[in-house]
Amino acid sequence: MLFAQQFGFRRANEILMLDRAIKAQEAVECGFANGIIEGLNDSHWPDLDKIPCIPKLLATDYRTLVNCKELINAAKDNQRLENTFEREARFLVETWLDEDFPPKLMNFLATFQKKKDKQP
C-alpha cells in the first residue's frame, strides 16, 4: 500500500509537501502504525520487552514467519511500487544534480549546527 493510500491523498500531500512530522497517535488512527508503545526513551534501540508482539513472534516457528512474509509481499502491487520507486529515484537524482541543490543543502545542514551550538 502506498503512503497516500494509507493516509489519504489530502493528508499525505500535506505531510509530504510541508515536511510535516507524523505524531504517533495520527499514525495509529490512519493504520500506518499498529499501536503506541509507552515508556520508550530517545534511544535509537527500543527495549524490545516493551513491544507486546515480540515474544509471540520469537516463539513462532521461523519457517512460518518467512512463509507469511512471502505471502504478504506477493499480495502487493509490486509493479506499481516499483514504478513509484523508480519515479522517486529519478526525482532525487534530478534534485541532487540541480545547481541550486548544494547551497540549499548546506544551509539546511547549517541550521542543525546552529541548534547544536546553542545547546549547553
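Q: Why does Pro52 count as exposed?
A: This is a predicted model, and every value comes from its atoms. Pro52 has 69% relative accessibility. Exposed means over 50%, so Pro52 qualifies.

Q: Where is Pro52 found, and how far is its C-alpha atom from that of Ile37?
A: Pro52 sits in the loop between helix 3 and helix 4. Its C-alpha atom is separated from that of Ile37 by 8.7 Å, and the two residues are 15 apart along the chain.

Q: What makes Leu40 partly exposed, rather than buried or exposed?
A: Its relative accessible area is 38%. Buried needs under 20% and exposed needs over 50%. Leu40 therefore falls in between and is partly exposed.

Q: Where does Leu40 lie, and what does Leu40 touch?
A: Leu40 lies in the loop between helix 3 and helix 4 (53-59). Not counting residues up to four places away in sequence, Leu40 touches Pro46, Asp47 and Lys50. Gln5 is 35 residues from Leu40 in sequence, and their C-alpha atoms are 29 Å apart in space.

Q: Why does Glu26 count as buried?
A: Glu26 has 13% relative accessibility. The cut-off for buried is under 20%, so Glu26 counts as buried. This residue lies in helix 3 (residues 24-29).

Q: Which residues is Glu26 in contact with, leaving aside its neighbours within four places in sequence?
A: Glu26 is in contact with Phe7, Arg11, Ile15, Arg20 and Ala21.

Q: Why does Asp19 count as exposed, and what is its phi?
A: The relative accessibility of Asp19 is 68%. Exposed means over 50%, so Asp19 counts as exposed. Its phi is near 55°, a positive value in a residue other than glycine. Most residues other than glycine have a negative phi. Asp19 lies in the loop between helix 2 and helix 3.

Q: Which residues make up the largest nonpolar core?
A: Five residues make up this core: Ala4, Phe7, Ala12, Ile15 and Cys30. Helix 1 (3-7) and helix 2 (9-17) each supply at least two of its residues.

Q: How do you know that these five form one nonpolar core?
A: A nonpolar core takes buried residues of listed types, Ala, Phe, Ile and Cys among them, joined through side-chain atoms within 4.5 Å. Ala4, Phe7, Ala12, Ile15 and Cys30 are the set for the largest core.

Q: What is Phe7 in contact with, leaving aside its neighbours within four places in sequence?
A: Phe7 is in contact with Ala12, Ile15, Ile22, Glu26, Ala27, Cys30 and Phe32.

Q: How many helices and strands does the chain have?
A: The chain has seven helices and zero strands. Its pattern along the sequence is α-α-α-α-α-α-α.

Q: Why is the chain called more spread out than a compact globule?
A: The radius of gyration is 20 Å. The globule rule gives 14 Å for 120 residues. The chain's value is well over that, so the chain is more spread out than a compact globule. The C-alpha trace spans about 50 × 45 × 25 Å along its principal axes.

Definitions and conventions:
Residues are numbered from 1 along each chain as its sequence is written. This is a predicted model: local features need pLDDT of at least 70, side-chain atom pairs count only at pLDDT 80 or more; totals for chains, interfaces and linings use all residues. Side-chain values use heavy atoms; hydrogens and water are left out. Buried means under 20% relative accessible area, exposed over 50%, partly exposed in between (1.4 Å probe, protein chains only). Helices (H or I, at least four residues) and strands (E, at least two) are DSSP runs, numbered from the N terminus. Contact means heavy atoms within 4.5 Å. The radius of gyration is taken over C-alpha atoms; the globule rule is 2.2 Å times the number of residues to the power 0.38.
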